[in-house]
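Me: I would like to learn how to read a protein model step by step. Could you take me through it slowly?

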Amino acid sequence: MSLIDWIVLGTTLLAIVAYGVWKSGSSKNIDQYLGNRSLPWYHVGLSVMATQASAITFLSAPGQAYSDGMRFVQFYFGLPLAMIVLCITFVPIFHKLKVYTAYEFLEKRFDLKTRALTSILFLIQRGLSTAITIYAPAIILSGILHINTTYTTLFIGGLVLFYTVYGGSKAVSYTQLLQMSIIFTGMFMAGVFVVMLLPQNVGFTKAIKLAGNMGRMNVIDWKFDANNRYNIWSGIIGGFFLQLSYFGTDQSQVGRYLTGSSVGQSRLGLIMNGLIKIPMQFLILLIGVLVFSFYQFNRPPVFFNNYEVEQVKKSQYAPQFNQLEKQYADAFNQKKTKTEGLVKAFESKDEQQIALARTDLKAAEEQANNVRNSAIDVIKKNSGNDNVNDTNYVFLTFVTHYLPQGLIGLLIAIIFLASMGSTASGLNALASTTVVDIYKRILKPNESDHSYVTASRLATVFWGLVCICMALYASKIGNLLEAVNQLGSYIYGTILGVFIVAFYLKKIKGTPVFIAAVITEGLICVMGYYDTVAYLWLNAIGCIGVIIVAWALNGFFKENKFSFR
């Protein structure tokens, strides 16, 4: 990057941290630190969006579309329905009970062991997910500076820890408002520049048409297949259960909309998220598709992770890899000729000619992919990692090689900001759950507010260090966007099932729910390990499994009393 890009990057990051600390002030009690209920609906909505839209979204989503097309957008089709259910049920109950965490409610409804179980499940899931969000920007700095991700992980983790520890929930919300404003601007500019960099005879329309003929505009898949990760059925049904659990029971999100000044403000924030999220995700994936079209005319690297490429070129496999790079360059030149032929066929509007050109291009693409796969095999041998994947580096490579000075720094800052916001929310949620559901409830129930705020800060530091350590192993999990949702699907369904029983099945008691959650979670882990169904369906199976098992066991246990009052 140029000096201008480094100045833009550094200034943007420092400004965000300073702004969050200044606006939040010093938190003097646990209510201010963990859940200050004073923010308007637009703060709530943007904070909810920023928590979900981490660096993983802006780093990995374009790469996902580049390699697999637009079908990932179906993942979000259950979101609007989930937002409606949340606004009707979850939000008013959480506000009425004035809880800091979602899991406090479960003790009032069931018992302490059920609250503790769900809290622990959340801590496991959110700890792993937060580690992945820390690793995402570490990839960026590693690629730019050509240094080990250990140092970049420590830098980003330390920066986020500072303003999260200082300002708590309010600092997270204020910084996320500014972050999302910058993010929307930067991503829009990136999309415009992709189109501008296309050949003169290839505008936006032809780029989309080219991508469609190459199988990248696969927005909706109507075919039902339990093993297909992304189709309209897994998106609406499995996605609904995942989104409902994520926004309704994950403290990183519950903590965001509990900062709303009223039930109405929290509801408006969630509705805003439901209306904007799908179009936003569609446009981010569309940028990835446009980058795909761009690389049909401009030769991409044989492997987008330049750090791994540099390592293999220093190894005993260098001659073999260099030869494959030359073969890839030759294969790309042939492929480019076929691409230009397909674009000319579009102008003729002759369907037979278009079909013939498309067939020729796909054959050339297959030949180039065979060479690329051989190069990846060499990289795997050198690294010793069979899960080597470069989809997380596609958009980063395009940004750093082709965009103008200044904008590169801004877009890198955007990915950093998204990571900081999401990581800060995760750390804040981990700290609040640890302090409220475990420390305050079980270990030290009668301490002062000052003691709990201190414990919250220490818990934030503890979880920050834990997540940073786990982030060092994130390179082995492939595409970060899929990985973070796959990890969540192992746990979210079980937690959601517990909450559904709590809200709607008033006669079911605590012990049956506890046993049902343990049994179901074990089943989900086995199904996930053996990959029996696409991961989105695990959310529905987990939720329904808890309900059925709890209902079946309920008659064997004595009744416990509960009231919302």
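**Reading one residue, then the whole chain**

Reply: Let us start with Ile524, which, apart from its neighbours within four places in sequence, is in contact (heavy atoms within 4.5 Å) with Ser489, Tyr490, Thr494, Leu538, Ile541 and Gly542. Please keep in mind that this is a predicted model, in which local features need pLDDT of at least 70 and side-chain atom pairs count only at pLDDT 80 or more, while totals for chains, interfaces and linings use all residues. Residues are numbered from 1 along each chain as its sequence is written, and side-chain values use heavy atoms, with hydrogens and water left out.

Me: Where does Ile524 sit, and is Ile524 buried or exposed?

Reply: Helices (DSSP runs of H or I, at least four residues) and strands (runs of E, at least two) are numbered from the N terminus, and Ile524 belongs to helix H21, residues 510–529. Buried means under 20% relative accessible area, exposed over 50%, and partly exposed in between, with a 1.4 Å probe and protein chains only; Ile524 therefore counts as buried, because its relative accessibility is 0%.

Me: What do the totals say about the chain as a whole, and how many helices does the chain have?

Reply: The chain has 22 helices and 0 strands, and of its 565 residues, 59% are buried. Among contacts with a separation of 6 or more, 87% join residues 24 or more positions apart.

Me: How should I read a nonpolar core, and which residues have the most contacts inside the largest one?

Reply: A nonpolar core is a set of buried Ala, Val, Leu, Ile, Met, Phe, Trp, Tyr and Cys residues joined through side-chain atoms within 4.5 Å. The largest one here has 148 residues, and Phe94, Tyr257 and Phe499 have the most contacts inside it. Helix H7 supplies the largest share of this core, 14 residues, while a second, separate core of 15 residues includes Val302, Val309, Phe321 and Leu324.

Me: Which residues lie nearest the centre of the second largest pocket?

Reply: That pocket has 22 lining residues, and Pro301, Phe304, Asn306, Thr397 and His401 lie nearest its centre. Helix H16 gives the most to the lining, with 5 residues.

Me: Which residues other than glycine have a positive phi?

Reply: One of them is Lys349, with a positive phi of about 60 degrees, which is found in the loop between H14 and helix H15 and is exposed, with a relative accessible area of 70%. Another is Asp531, whose phi is near 55 degrees; Asp531 is found in the loop between H21 and helix H22 and is exposed, with a relative accessible area of 52%.

Methods:
1 Å grid on protein atoms, 1.4 Å probe; cavity = no way out; pocket = protein on both sides within 12 Å on 5 of 7 lines; lining within 4 Å.
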